[in-house]
Amino acid sequence: MSTPQVVVVMGVAGTGKTTIGPLLAARLGVPYAEGDDFHPQANIDRMSAGIPLTDEDRWPWLDAIGGWAHGRTGLGGVVSCSALKRSYRDRLRASAPDLVFVHLAGDRALIEDRMSHRQGHFMPTALLDSQFATLQPLEADEAGVTVDVAGGPEDITARAAAALDALGRTPPSPTRPSPQA
(Lines give C-alpha, C1' and ligand atoms only; values in the text may rest on other atoms or scores of the structure.)
Protein backbone atom coordinates (compact mmCIF):
# COMPACT_ATOMS: atom_id res chain seq x y z
CA MET A 1 0.00 0.00 0.00
CA SER A 2 1.47 3.31 -1.03
CA THR A 3 0.04 5.43 1.79
CA PRO A 4 -0.63 4.25 5.32
CA GLN A 5 -4.30 3.41 5.63
CA VAL A 6 -6.38 2.43 8.59
CA VAL A 7 -7.69 -1.10 8.10
CA VAL A 8 -10.61 -2.60 10.00
CA VAL A 9 -10.41 -6.40 10.23
CA MET A 10 -14.08 -7.39 10.44
CA GLY A 11 -16.25 -10.49 10.62
CA VAL A 12 -18.32 -12.62 12.93
CA ALA A 13 -16.88 -13.91 16.19
CA GLY A 14 -14.36 -16.69 15.71
CA THR A 15 -13.12 -15.69 12.25
CA GLY A 16 -9.69 -14.77 13.62
CA LYS A 17 -9.83 -10.99 13.88
CA THR A 18 -7.65 -11.00 17.01
CA THR A 19 -5.14 -13.37 15.38
CA ILE A 20 -5.03 -11.89 11.87
CA GLY A 21 -5.22 -8.23 12.97
CA PRO A 22 -1.82 -8.13 14.69
CA LEU A 23 -0.20 -10.23 11.95
CA LEU A 24 -1.53 -7.90 9.27
CA ALA A 25 -0.45 -4.83 11.24
CA ALA A 26 3.07 -6.24 11.58
CA ARG A 27 3.16 -7.01 7.87
CA LEU A 28 2.04 -3.45 7.04
CA GLY A 29 4.35 -1.89 9.65
CA VAL A 30 1.56 -0.13 11.55
CA PRO A 31 0.11 -0.39 15.08
CA TYR A 32 -2.70 -2.76 15.99
CA ALA A 33 -5.67 -2.05 18.28
CA GLU A 34 -7.89 -4.80 19.66
CA GLY A 35 -11.51 -3.81 19.09
CA ASP A 36 -12.73 -5.71 22.15
CA ASP A 37 -10.66 -3.34 24.32
CA PHE A 38 -12.98 -0.49 23.29
CA HIS A 39 -16.10 -2.19 24.73
CA PRO A 40 -17.51 -0.77 27.94
CA GLN A 41 -17.71 -3.36 30.73
CA ALA A 42 -21.51 -3.48 30.42
CA ASN A 43 -21.17 -4.81 26.86
CA ILE A 44 -18.70 -7.48 27.94
CA ASP A 45 -21.03 -8.50 30.77
CA ARG A 46 -23.98 -8.82 28.36
CA MET A 47 -22.03 -10.90 25.83
CA SER A 48 -20.51 -13.08 28.57
CA ALA A 49 -24.06 -13.84 29.70
CA GLY A 50 -25.00 -14.87 26.13
CA ILE A 51 -27.07 -11.73 25.51
CA PRO A 52 -26.59 -10.20 22.04
CA LEU A 53 -25.79 -6.49 21.97
CA THR A 54 -28.31 -4.03 20.62
CA ASP A 55 -27.41 -1.23 18.24
CA GLU A 56 -27.68 1.18 21.17
CA ASP A 57 -25.12 -0.93 23.06
CA ARG A 58 -22.77 -0.80 20.09
CA TRP A 59 -22.80 2.96 19.29
CA PRO A 60 -20.36 4.06 22.06
CA TRP A 61 -18.06 1.14 21.17
CA LEU A 62 -18.11 2.00 17.46
CA ASP A 63 -17.54 5.68 18.26
CA ALA A 64 -14.48 4.78 20.36
CA ILE A 65 -13.05 2.65 17.54
CA GLY A 66 -13.85 5.41 15.05
CA GLY A 67 -12.01 7.90 17.27
CA TRP A 68 -8.94 5.67 17.31
CA ALA A 69 -9.12 5.25 13.52
CA HIS A 70 -9.49 9.01 13.04
CA GLY A 71 -6.38 9.57 15.15
CA ARG A 72 -4.45 7.17 12.90
CA THR A 73 -5.52 8.89 9.64
CA GLY A 74 -2.46 9.33 7.44
CA LEU A 75 -0.38 7.25 9.86
CA GLY A 76 -1.98 3.86 9.28
CA GLY A 77 -3.17 1.22 11.66
CA VAL A 78 -5.14 -1.97 11.95
CA VAL A 79 -8.08 -2.43 14.33
CA SER A 80 -10.35 -5.40 14.82
CA CYS A 81 -14.10 -4.79 14.92
CA SER A 82 -16.94 -7.11 13.98
CA ALA A 83 -18.53 -4.28 11.90
CA LEU A 84 -21.31 -6.70 11.01
CA LYS A 85 -23.84 -4.21 9.64
CA ARG A 86 -23.47 -1.59 6.94
CA SER A 87 -24.76 0.99 9.44
CA TYR A 88 -21.88 0.10 11.81
CA ARG A 89 -19.33 0.52 9.03
CA ASP A 90 -20.97 3.80 8.02
CA ARG A 91 -20.68 4.97 11.63
CA LEU A 92 -16.95 4.09 11.63
CA ARG A 93 -16.48 5.90 8.29
CA ALA A 94 -18.20 8.98 9.74
CA SER A 95 -15.16 9.33 12.03
CA ALA A 96 -12.54 8.05 9.57
CA PRO A 97 -13.81 8.31 5.97
CA ASP A 98 -10.87 6.51 4.36
CA LEU A 99 -11.18 3.26 6.30
CA VAL A 100 -10.57 0.04 4.40
CA PHE A 101 -12.23 -3.18 5.55
CA VAL A 102 -10.86 -6.73 5.49
CA HIS A 103 -13.87 -9.01 5.93
CA LEU A 104 -12.74 -12.36 7.30
CA ALA A 105 -15.35 -14.84 6.11
CA GLY A 106 -15.71 -18.58 6.19
CA ASP A 107 -17.75 -21.68 6.71
CA ARG A 108 -19.93 -21.60 9.83
CA ALA A 109 -18.80 -25.08 10.95
CA LEU A 110 -15.12 -24.09 10.76
CA ILE A 111 -15.75 -20.88 12.70
CA GLU A 112 -17.78 -22.67 15.38
CA ASP A 113 -15.03 -25.27 15.74
CA ARG A 114 -12.41 -22.56 16.21
CA MET A 115 -14.60 -20.76 18.76
CA SER A 116 -15.10 -23.96 20.75
CA HIS A 117 -11.32 -24.27 21.19
CA ARG A 118 -10.73 -20.69 22.37
CA GLN A 119 -9.91 -20.12 25.99
CA GLY A 120 -10.50 -17.02 28.05
CA HIS A 121 -12.74 -15.18 25.57
CA PHE A 122 -16.07 -13.70 26.67
CA MET A 123 -18.00 -14.49 23.46
CA PRO A 124 -19.82 -17.84 23.74
CA THR A 125 -20.49 -19.99 20.67
CA ALA A 126 -24.22 -19.59 21.47
CA LEU A 127 -24.05 -16.06 20.01
CA LEU A 128 -22.65 -17.24 16.66
CA ASP A 129 -26.13 -17.65 15.14
CA SER A 130 -27.05 -14.07 16.04
CA GLN A 131 -23.74 -12.87 14.55
CA PHE A 132 -24.44 -14.62 11.23
CA ALA A 133 -28.04 -13.34 11.25
CA THR A 134 -26.77 -9.77 11.75
CA LEU A 135 -23.92 -9.96 9.20
CA GLN A 136 -24.27 -7.75 6.13
CA PRO A 137 -21.29 -8.46 3.86
CA LEU A 138 -19.34 -5.60 2.30
CA GLU A 139 -21.18 -3.91 -0.53
CA ALA A 140 -19.66 -2.95 -3.88
CA ASP A 141 -19.36 0.72 -2.90
CA GLU A 142 -17.43 -0.02 0.31
CA ALA A 143 -13.63 0.07 0.26
CA GLY A 144 -12.62 -3.40 1.30
CA VAL A 145 -11.89 -7.00 0.51
CA THR A 146 -13.27 -10.35 1.61
CA VAL A 147 -10.74 -12.98 2.67
CA ASP A 148 -11.51 -16.65 3.27
CA VAL A 149 -10.44 -17.85 6.73
CA ALA A 150 -9.61 -21.40 5.65
CA GLY A 151 -5.98 -22.30 6.32
CA GLY A 152 -3.46 -21.07 8.82
CA PRO A 153 -2.98 -17.53 10.13
CA GLU A 154 0.05 -16.82 7.94
CA ASP A 155 -1.83 -17.90 4.79
CA ILE A 156 -4.86 -15.80 5.70
CA THR A 157 -2.66 -12.79 6.46
CA ALA A 158 -0.80 -13.18 3.15
CA ARG A 159 -4.11 -13.31 1.25
CA ALA A 160 -5.37 -10.24 3.11
CA ALA A 161 -2.19 -8.26 2.39
CA ALA A 162 -2.26 -9.25 -1.29
CA ALA A 163 -5.92 -8.26 -1.59
CA LEU A 164 -5.24 -4.90 0.09
CA ASP A 165 -2.30 -4.33 -2.23
CA ALA A 166 -4.50 -5.04 -5.27
CA LEU A 167 -7.18 -2.75 -3.83
CA GLY A 168 -4.59 0.03 -3.42
CA ARG A 169 -3.77 -0.11 -7.12
CA THR A 170 -7.39 -0.05 -8.25
CA PRO A 171 -9.68 1.75 -5.81
CA PRO A 172 -13.23 0.40 -5.66
CA SER A 173 -15.99 2.21 -7.45
CA PRO A 174 -19.75 1.86 -7.18
CA THR A 175 -19.77 0.01 -10.50
CA ARG A 176 -17.06 -2.52 -9.66
CA PRO A 177 -17.31 -5.01 -6.79
CA SER A 178 -14.59 -5.31 -4.19
CA PRO A 179 -11.85 -7.84 -4.94
CA GLN A 180 -12.37 -11.24 -3.36
CA ALA A 181 -9.48 -13.23 -1.92
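Predicted model: local features only at pLDDT ≥ 70, side-chain atom pairs only at ≥ 80, totals over all residues.
Colleague: Which residue in S3 stands opposite valine 7?
Modeller: S1 is made of residues 6-10 and pairs with S3 in the parallel sense, over four bridges. Within S3, the residue opposite valine 7 is valine 78.

Colleague: Which residue in S4 stands opposite valine 8?
Modeller: S1 is also joined to S4 by four bridges, and these two strands run parallel. In S4, the residue opposite valine 8 is phenylalanine 101.

Colleague: How many residues of S1 are buried, and which are they?
Modeller: Both faces of S1 are covered.

Colleague: What is the bridge partner of alanine 33 in S3?
Modeller: Strand S2, residues 32-33, runs parallel to S3 and is joined to it by two bridges. S3 spans residues 77-80 and has both faces covered, with Gly77 and Val79 buried on one side and Val78 and Ser80 on the other. The partner of alanine 33 is valine 79.

Colleague: At roughly what angle do the axes of H3 and H4 cross, and is the crossing left-handed or right-handed?
Modeller: H3 is residues 55-71 and H4 is residues 86-95, and their axes come within 8 Å. The crossing angle is roughly 35°. As for the hand, H3 passes H4 in a crossing that is right-handed.

Colleague: How many nonpolar, polar and charged residues are in the contact of H3 with H4?
Modeller: H3 contributes Asp55, Arg58, Trp59, Leu62, Asp63, Ile65, Gly66, Gly67 and His70. From H4 come Ser87, Tyr88, Arg91, Leu92 and Ser95. By class, the contact has five nonpolar, five polar and four charged residues.

Colleague: Why does isoleucine 111 count as buried?
Modeller: Isoleucine 111 is in helix H5, residues 108-116. Leaving aside neighbours within four places in sequence, the contacts of isoleucine 111 include Val12, Ala13, Leu128, Phe132 and Val149. A residue is buried if its relative accessible area is under 20%. Isoleucine 111 qualifies because its value is 1%.

Colleague: What distance separates the C-alpha atoms of isoleucine 111 and glycine 16?
Modeller: Along the chain, isoleucine 111 and glycine 16 are 95 residues apart. In the model, their C-alpha atoms are separated by 8.7 Å.

Colleague: What percentage of contacts between residues at least 6 apart in sequence join residues at least 24 apart?
Modeller: The chain has seven helices and five strands. Along the sequence, the pattern is β-α-β-α-α-β-α-β-α-α-β-α. Of the contacts between residues at least 6 apart, the share joining residues at least 24 apart is 74%.

Colleague: What percentage of the accessible surface belongs to carbon and sulfur atoms?
Modeller: Of the 181 residues of the chain, 41% count as buried. The accessible surface of the chain comes to about 8,300 Å². The part belonging to carbon and sulfur atoms is 55%.

How values were computed. Residues numbered from 1 in each chain as written. Heavy atoms only, no water. Buried < 20%, exposed > 50% of the residue type's maximum accessible area, 1.4 Å probe, protein only. Pairing = 2+ DSSP bridges. Axes fitted to C-alpha atoms, helices over the stretch in contact; angles between N-to-C directions. Left-handed = near helix turned anticlockwise from the far one by under 90°. Contact = heavy atoms within 4.5 Å. Nonpolar A, V, L, I, M, F, W, Y, C, P; charged D, E, K, R; others polar. Areas by Shrake-Rupley, 256 points an atom, 1.4 Å probe, with all protein chains shown as cover.
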